[in-house]
Amino acid sequence: MKISSRLLFLICSFFLTHFCIGKSFFPARGFSSILDESEANNRLRKFRKVFFTDQVEIPFHRAYLYQFQFIHYPRSGQPIIDFGLLSGPSPESAKIRIDLLPSPQATEPNTSFLLVRDSKSPKAWKWHKEKAAVSTLHPKDWGSPWKEGVNHTPFDLLMPFVNWPVEYEKSGRVCGRPAHLYIFTPPQDNHIYPVTLKSVRLAIDDAYDAPLRIEYRDGGILPTRVFSLQSFKKVDGRWIVKAIDSKDRDSGSRTRFELQAVAHGLDLPRSVFQTDGLGLLINQSSISFTLL
């Protein structure tokens with residue numbers, strides 16, 4: 001079974017189904033080969049190369065469009081559901097577009113985002129329907145949720161911490177899979193990222209070089225947020241992530257990102273993946289979706 005690392009990266013995927021949280025207790029149980037310094041550096045270098053590689057010339061028939069929903073489970077009360085679209089010019093592209101819709105039948109988003117992954121200078125923009133204008137998102141705002149009441153953020157897709165100072169921690173089995181654990185810390189001259197973020201812990205799958213688990217930590221006993229994959233599915237010959245949970249420590253809430261339908265091999269206009277095209281609609285009327 002071969003899983004596409006790039007498709008997993010697109011929605012920040014993880015293979016863990018359930019987990020325990022602790023200051024030093026990371027769920028890496030059982031045997032996995034320990035890496036020496038050279039092996040650990042090479043493993044991370046390979047991960048970074050795959051994550052930040054982009055196509056200069058993207059061929060036609062390569063765009064994708066996913067319909068998704070955020071299901072937010074507060075500590076108490078009924079779940080809240082929001083709807084959206086995730087798209088890009090190709091699975092290999094560093095450009096990712098997110099459209100938040102007022103309802104599953106809506107075609108016009110209330111808000112649209114464009115993210116560009118880059119090893120040195122990642123970027124993000126936001127389009128507001130009410131203002132009918134595009135604004136640049138400052139890195140300090142990347143940690144804000146896509147909308148109020150959702151635990152997922154633009155920071156989770158950009159993953160700028162991958163190029164921060166890093167220390168190889170150990171290797172072990174995460175959810176039965178051999179994995180290698182790294183701890184990233186913000187640069188000493190950090191003036192742009194949230195000052196409360198002290199470190200990020202990442203488990204990388206040994207076989208597929210894909211993220212298995214991410215913890216954001218502020219120095220407290222418990223991580224501030226933790227992500228875990230709940231399910232994935234093979235569609236059109238591609239393995240895609242179907243559901244990801246994000247648990248928030250302070251609110252005690254959980255938000256699930258869940259795909260509802262997918263379409264691959266599309267010819268979407270290149271303009272919708274440009275900053276000045278964020279206000280343009282993605283026409284879904286002629287697209288044949290595969291329901292999940």
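Analyst: Arg 97 is buried, with a relative accessible area of 1%; buried means under 20% relative accessible area, exposed over 50% and partly exposed in between, with a 1.4 Å probe and protein chains only. This is a predicted model, in which local features need pLDDT of at least 70, side-chain atom pairs count only at pLDDT 80 or more, and totals for chains, interfaces and linings use all residues. Residues are numbered from 1 along each chain as its sequence is written, and side-chain values use heavy atoms, with hydrogens and water left out.

Arg 97 forms a salt bridge with Asp 99, and their closest N and O atoms are 3.0 Å apart. A salt bridge here is a side-chain nitrogen of Lys or Arg within 4 Å of a carboxyl oxygen of Asp or Glu. Side chains of opposite charge can pair when their charged atoms come close. Asp 99 also counts as buried, at 2% relative accessibility. The structure holds 13 salt bridges.

Ile 98 is found in strand β3, residues 95–101. Strands (E, at least two residues) and helices (H or I, at least four) are DSSP runs, numbered from the N terminus. Ile 98 is buried too, with a relative accessible area of 3%. Leaving out residues up to four places away in sequence, Ile 98 touches Phe 68, Leu 85, Leu 86, Thr 111, Ser 112, Phe 113, Trp 146 and Leu 157, where contact means heavy atoms within 4.5 Å. Between Ile 98 and Pro 154 the C-alpha to C-alpha distance is 9.4 Å, and they are 56 residues apart in sequence.

Arg 97 and Asp 99 are also among the residues that line the second largest cavity, together with Leu 85, Leu 101, Thr 107, Pro 109, Ile 282 and Gln 284. A cavity is a set of points, on a 1 Å grid over the protein atoms alone, where a 1.4 Å probe fits but cannot get out, and lining residues have an atom within 4 Å of a point. This cavity holds about 30 Å³ of space; grid points are joined across faces, edges and corners, and a volume is the space filled by probe spheres set on the points. Strand β3 gives the most to its lining, with three residues. The lining divides into four nonpolar, two polar and two charged residues. Ala, Val, Leu, Ile, Met, Phe, Trp, Tyr, Cys and Pro count as nonpolar, Asp, Glu, Lys and Arg as charged, and the others, Gly among them, as polar.

How values were computed
1 Å grid on protein atoms, 1.4 Å probe; cavity = no way out; pocket = protein on both sides within 12 Å on 5 of 7 lines; lining within 4 Å.
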